[in-house]
Amino acid sequence: MPLRAASAALLSAGALLLGSVLAAPAQASTIEPAGDGSCLTAGTSARGLHGRGADTRDVSAAEQTRITRETTARLAERGLSRSAAAATGGNVPVYVHVMAAKNGAGNVTASQITRQIAVLNNTYAGGESTAAANTGFTFTLAGTNRFFNDTWHKDRQSATYRAQTRRGGANALNIWIVDFAPTLGIATFPWDYANNPTIDGIRVQYSSLPGGSATNFNLGKTATHEAGHWLGLYHTFQGGCTTRNDQVSDTPAQSSPTSGCPVGRDSCSLPGLDPIRNYMDYSFDTCYRMFTSGQSARMSQMFAAYRG
Ligand SMILES: [Zn+2]
């Protein structure tokens with residue numbers, strides 16, 4: 001589905017494709033095993049030069065209910081109420097895997113990686129807006145590995161390369177930096193870790209790192225967005241114009257992903273303008289400003305339940 005598209009025309013096409021993607025689990029280019037976050041590979045949708053594609057696996061409303069029950073049960077096993085778990089945050093070790101081509105394409109610099117970690121820390125600390133929540137999550141670079149493999153660079157054999165290279169436990173964020181443009185990023189969810197631990201983490205388009213060449217998407221906030229999924233957030237447009245929506249009460253419902261930065265967009269008759277500045281929408285990096293306190297609480301709960 002065309003997301004983070006550059007034009008209204010593409011956004012319109014995206015809304016149409018969004019419906020078809022969500023309604024049709026079998027997609028021609030699906031190459032990953034069940035439980036993986038990916039649905040589309042680069043070049044298979046009409047979203048234009050940049051977009052995130054279907055960057056997580058689809059989760060139905062019925063499964064959302066099941067996940068909520070499981071989360072509450074897991075927190076109870078740990079002696080935590082949902083409210084007690086809502087403010088815990090966490091320190092996340094980060095392993096970066098640079099999947100460069102043999103000729104060096106995609107071999108991002110150590111400086112870019114340092115800046116990417118800084119962006120994660122600033123965005124999760126609420127550093128971009130006085131309205132933003134400080135989530136209590138911090139990120140520390142635990143290791144960088146570089147590979148020069150054309151197949152892996154193009155994100156082929158991803159289940160294999162992730163299993164061979166992933167490091168750390170459930171609390172470790174593994175970031176594989178690849179070239180799957182126009183896709184910007186793909187993530188796994190925390191509740192899938194137990195069944196698929198070897199592929200857990202996020203994949204990020206190398207040109208989206210700070211200083212990269214992805215116009216409008218090169219401030220490093222794709223990693224912020226994908227890490228949000230990894231910590232258990234849905235898109236702000238999950239469920240469309242429904243009260244359930246993304247199961248976060250302070251992110252107003254929206255009918256479809258945002259493209260660009262259309263201030264004042266209001267795509268649902270439910271209360272509130274679309275949260276176009278939220279990291280879990282699909283707006284430009286320059287438009288992104290915040291997580292909400294509701295999202296912060298959900299991420300802490302998910303981390304305690306599945307990654308603590
Ligand atoms: Zn996403």
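A residue counts here as buried if 20 or more other C-beta atoms lie within 10 Å of its own, exposed if 12 or fewer, and partly exposed in between, with C-beta atoms placed from the backbone. This is a predicted model, so local features need pLDDT of at least 70, side-chain atom pairs count only at pLDDT 80 or more, and totals for chains, interfaces and linings use all residues. Residues are numbered from 1 along each chain as its sequence is written. With that in hand, buried residues make up 50% of the 308 residues in the chain.

**Overall layout**

- The chain has 7 helices and 5 strands; these are DSSP runs (helices H or I, at least four residues; strands E, at least two), numbered from the N terminus.
- Starting at the N terminus, the order of elements is α-α-β-α-β-α-α-β-β-β-α-α.
- Take the contacts between residues at least 6 apart in sequence: 69% of them join residues at least 24 apart. Two residues are in contact if their C-beta atoms, placed from the backbone, lie within 7 Å.

**Helix α3, a helix with a buried face**

- Helix α3 covers residues 110–124, which is 15 residues, and spans 21 Å from its first C-alpha to its last, close to the 21 Å expected at 1.5 Å a residue. The expected span is 1.5 Å times one less than the number of residues.
- Buried in α3 are Ile113, Gln116, Ile117, Val119, Leu120, Thr123 and Tyr124. Down the helix axis they fall within an arc of 155°, so they line one face of α3; the arc is that of the directions from the helix axis to the C-beta atoms.
- Over on the other side of α3, Ala110 and Ser111 are exposed.
- The cover over the buried residues of α3 includes β1 (90–100), β2 (137–148) and α6 (221–230).
- After α3 comes Gly126, with a positive phi near 80°.

**Helix α6, wrapped up by the rest**

- In α6, 10 of the 10 residues are buried, so this helix is largely enclosed by the rest of the structure.
- The buried set in α6 takes in Lys221, His225, Glu226 and His229, among others, as well as Ala223 and Trp230.
- Packing against the buried residues of α6 are α3, β3, β4 and β5.
- Gly232 follows α6 and has a positive phi, near 100°.

**The nonpolar core**

- The largest nonpolar core has 57 residues, and Ile175, Ile177 and Ile202 have the most contacts inside it. Such a core is a set of buried Ala, Val, Leu, Ile, Met, Phe, Trp, Tyr and Cys residues joined through C-beta atoms within 7 Å.
- Helix α7 (residues 293–307) supplies the largest share of this core, 7 residues.
- Setting aside neighbours within four places in sequence, Ile175 contacts Val94, Val96, His97, Gly201, Ile202, Val204 and Ala223.

**Backbone spots to look at**

- Most residues other than glycine have a negative phi, and most peptide bonds are trans.
- Ala181 and Pro182 are joined by a cis peptide bond, with omega about 10°. Pro182 sits in the loop between β3 (173–178) and β4 (185–187).
- Gln157 has a positive phi, near 55°, and its place is the loop between α4 (150–153) and α5 (158–165). Gln157 is partly exposed, with 14 other C-beta atoms within 10 Å.
- Asn216 also has a positive phi, near 75°, and lies in the loop between β5 (202–205) and α6. Asn216 is partly exposed, with 18 other C-beta atoms within 10 Å.
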